[in-house]
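Work through the exercises below with the sequence and the coordinates at hand. Each task is followed by a stepwise solution.

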Amino acid sequence: DTEGLLRIKEENQKHYRRAQRHQEKKEKIQRHNRKLGDLVEKKTYDLKTQYERLADLRRTHILELTSVIFPIEEVKTSMRDPADVSSESDNAMTSSTVSKLAEARRTTYLSGRWVCDDHNGDTSISITGPWITLPNNGDYSAYYNWVEEKKTTQGPDMEHNNPAHTISAALCYATQLVNTLSLILDVNLPKKLCNRQVNEFCGENLSRHRFTRAVKKLNANILHLCFSQHVNLDLLHPLHTLRNLMYLVSPDTENLGR
């Protein structure tokens, strides 16, 4: 029994010495983890600082791009509300008639359905200059209506102020701007827009189907960029091409460049 007790004491001492070595290893690992934690925290702070600097740089490039090459502005049109001219018209016109006229001006028949236009058609959005604009309500039917008329009308087009030319030019510039913004912001666009799509708007006359499809792809890419930069969703409308772009590149967009 005494010999057995001595053996057990020796084994316990071995276990005790092994436990001490394990404790030392544990403390060493803990110190190493603390060092790694401090290093990760420092690297995270440095990365966050670099992201902020990169965002500021992107924001500077975008604001310079949209102020020098692709300025986007709101253009007022000279349209009068029925309520303003009611007093000048027939005195028999009732207030209900005036309100119905005002409501009619706030709606647009677009692609087979009536669409509410809160901006009431009084504005349009210009890009690269006040002479290149898009309708605010997203109704680009003037383009394919002109294309259909060209099919039945022979001879050169002598109408320099044709709205179809303005629409195609504005969409071409908007596509170029979207492609450039995706490169600056390093955001992959859901709908691929290569040079062929850019030239598509300013090249051959597009059919209604091809034109509508190209516009939908452009609008989808613009909305994707707006979502990536956390633009206020209440400001966006799926049909307002240039207005959505204007909100995206506005200096008031806090997260522009993120």
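Predicted model: local features only at pLDDT ≥ 70, side-chain atom pairs only at ≥ 80, totals over all residues.

**Exercise 1.** Find the buried residues of helix 1 and say what covers them.

Solution. Apply the cut-off for burial, under 20% relative accessible area. The residues of helix 1 that pass are Gly4, Ala55, Arg58, Arg59, Ile62, Leu65 and Thr66. Next, look for their cover: it includes strand 1 (72–76) and helix 5 (163–185).

**Exercise 2.** Is asparagine 244 buried or exposed, and which residues is it in contact with beyond its neighbours within four places in sequence?

Solution. First locate asparagine 244: it belongs to helix 8 (residues 241–248). Its relative accessible area is 2%, so asparagine 244 is buried. Leaving aside neighbours within four places in sequence, the contacts of asparagine 244 are Ile222, Leu223, Cys226, Leu235, Leu236 and His237.

**Exercise 3.** Describe the protein as a whole: its elements, its burial and its contacts.

Solution. Count the elements: there are eight helices and five strands. Read from the N terminus, their order is α-β-α-α-β-β-β-β-α-α-α-α-α. Of the 258 residues, 35% count as buried. The protein exposes about 17200 Å², with 52% of that area supplied by carbon and sulfur atoms. Finally, take the contacts between residues at least 6 apart in sequence: 66% of these join residues at least 24 apart.

Notes: Residues numbered from 1 in each chain as written. Heavy atoms only, no water. Buried < 20%, exposed > 50% of the residue type's maximum accessible area, 1.4 Å probe, protein only. Helix = DSSP H or I, 4+ residues; strand = E, 2+ residues; numbered from the N terminus. Contact = heavy atoms within 4.5 Å. Areas by Shrake-Rupley, 256 points an atom, 1.4 Å probe, with all protein chains shown as cover.
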